[in-house]
Amino acid sequence: MLDWGVIVHYFPFLLKGAVLTLQISILSLLLGIACGLIAALCKLSKNPLLRWPAAFYIWLIRSTPLLVQLFIIYFGLPQIGIDLGPFLSGVIGLGLNVGAYNAETIRGGIVSIPVGQTEAARSLAMSSSLAMRRIILPQALRVIIPPMGNNFIILIKDTSLVSTITLVELTLTAQRFIGSTYKPFEMYLMAAFLYAVMTTTASLLLAKLEKRTSRGHR
Amino acid sequence: MKTENQDQTQPMVKITNLQKSFGDLTVLKDINLEIAASEVVVIIGPSGSGKSTLLRCVNHLEKPSGGEIYIEGELINDTTLKTKAFETHLNRIRCKVGMVFQQFNLFPHMTVIENVIEAPIHVLKQDRKKARKKAEELLTQVGLAEKLNSYPAQLSGGQQQRVAIARSLAMEPKLMLFDEVTSALDPELVGDVLRVMEDLALGGMTMMVVTHEMGFAEKVGDRVIFMADGFVVEDSSPQEMFSNPKEIRTQQFLAEI
Ligand SMILES: Nc1ncnc2c1ncn2[C@@H]1O[C@H](COP(=O)(O)OP(=O)(O)OP(=O)(O)O)[C@@H](O)[C@H]1O
Ligand SMILES: [Mg+2]
């Protein structure tokens, strides 16, 4: 059945690929949170010069496949003189992608907070940005974190797509060793196992975070 | 900046020709009102007559469609100011005007004391220690010294409303707006809130109070205003208003309640 010798021998190499996967995931996550927050606030703005570009970004990303987005950044941009290399292309592609989904999640969380909260804050002479930062966003976080955590889990799995732009992360590492070992079953099972470890750990951390943001709610 | 001439007898609030429309619906048609410092003005009227809208215009939660509102002689809806300058101007005036809502609107993610010190620290830039000390005093004053570290969800409606009053008072306002602050409360909790408001009135606070509590209006009010169809129909002392209303609209309204 399974060739345990191959598994024991190649596991450390796949683990190395998984480390790169994790790095890409975390960097894209941070970029995705920043993009998501900015796009959400812009889309909620009264100013059309902020609202329209944000709406366009969200629409564009959500209506095209991630793989095509990655190809445009990695293969397409160099044609107009922007050569980011595989790592940056991967992180930016994934970050912009998850950012668009986060934007809708964050916007939904913000508008779910009763308008009375903003009115109370404004009547206490808080500026709109202070009210957003201290009153609305902390409450919205409770609503935002579960679906955004879900976006992050999807992101970890989607990092396997950057194997197509020559980034030797977990999936591509597994693929490469198949060429020399002819053991696709072992290699892909190990990769699957490592993805499962990462996504499950992320889920557990998120559950903890959810608990912490539900302060004051019974 | 437009200001009325400043003198000793300057009213706390002066409203002239105030209009407010929502789309085609004109809620306030022509409101004219002066409120002196330390005066307690109770506003009554049928549902939909624009009582809440009037209060909300006074601290600019609603933007008037026409007319002027002056707080201590300063025009709040100053249309000559640009966006940024207007926000600064507005927040400076809002520091002087506290508002308490029917639904309390406490910040649920903060404890009672955190609710009270939030604006003093982040808006008035008060030192945290000083803000806490003041907040403890205020919460003691409204009978909640035991609840400093509770969350709003752990309090009764009456307790939440008293926290909301303390939260407004922490800004040391000169004018307080109360919009049906006891309407969402169980009857047995109304008294505690009204007592806090009465104490505040005795302490000299200028107050605009929308309420259905006619007992409170009679006992605490200096003046009662009856609003209907977007106008101030009658404006008199509580005694006059309740024992001898002049306008037919007022008589009908008071007969119904
Ligand atoms: N934001 C809004 N948009 C549209 N219409 C509004 C808005 N706010 C209030 N109105 C309308 O304005 C009218 C007056 O409302 P307002 O809340 O000021 O009345 P009120 O005297 O406080 O009534 P109540 O005693 O029921 O509280 C109502 O017909 C209401 O539907
Ligand atoms: Mg009302």
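**Contacts in a predicted model**

Analyst: In B:Glu180, a polar side-chain atom lies 3.2 Å from an oxygen atom of ligand 1. This is a predicted model, in which local features need pLDDT of at least 70 and side-chain atom pairs count only at pLDDT 80 or more, while totals for chains, interfaces and linings use all residues. Residues are numbered from 1 along each chain as its sequence is written, chains are lettered from A and ligands numbered from 1 in the order in which they are written, and side-chain values use heavy atoms, with hydrogens and water left out.

User: What makes the pair of B:Glu180 and ligand 1 a polar contact?

Analyst: A polar contact is a pair of N or O atoms within 3.5 Å (within protein, one must be able to donate a hydrogen and the other to accept it, and residues adjacent in sequence count only if both atoms are side-chain atoms), so the 3.2 Å of B:Glu180 qualifies. B:Thr53 also places a polar side-chain atom 2.5 Å from an oxygen atom of ligand 1, and B:Ser49 contributes a backbone N or O atom at 3.2 Å from a ligand oxygen.

User: Why is A:Thr213 called buried?

Analyst: Buried means under 20% relative accessible area, with exposed over 50% and partly exposed in between (1.4 Å probe, protein chains only); the value for A:Thr213 is 17%, and therefore the residue is called buried. A:Thr213 belongs to helix H8 of chain A, residues 184-213, where a helix is a DSSP run (H or I) of at least four residues and a strand one (E) of at least two, numbered from the N terminus. Beyond its neighbours within four places in sequence, A:Thr213 is in contact (heavy atoms within 4.5 Å) with A:Leu141, A:Arg142 and A:Ile145.

User: How do you know that A:Arg122 and B:Glu87 form a salt bridge?

Analyst: A salt bridge needs a side-chain nitrogen of Lys or Arg within 4 Å of a carboxyl oxygen of Asp or Glu; the closest N and O atoms of A:Arg122 and B:Glu87 are 3.4 Å apart, so the pair meets the definition. Chain B and chain A share three salt bridges.

User: What area do chain B and chain A bury between them?

Analyst: Buried area is the accessible area (1.4 Å probe) that two parts lose on being put together, summed over both, and for chain B and chain A this comes to about 2,200 Å², 55% of it on carbon and sulfur atoms. B:Phe107, B:Pro108 and B:His109 supply 24% of the area that chain B buries against chain A, more than any other three residues.
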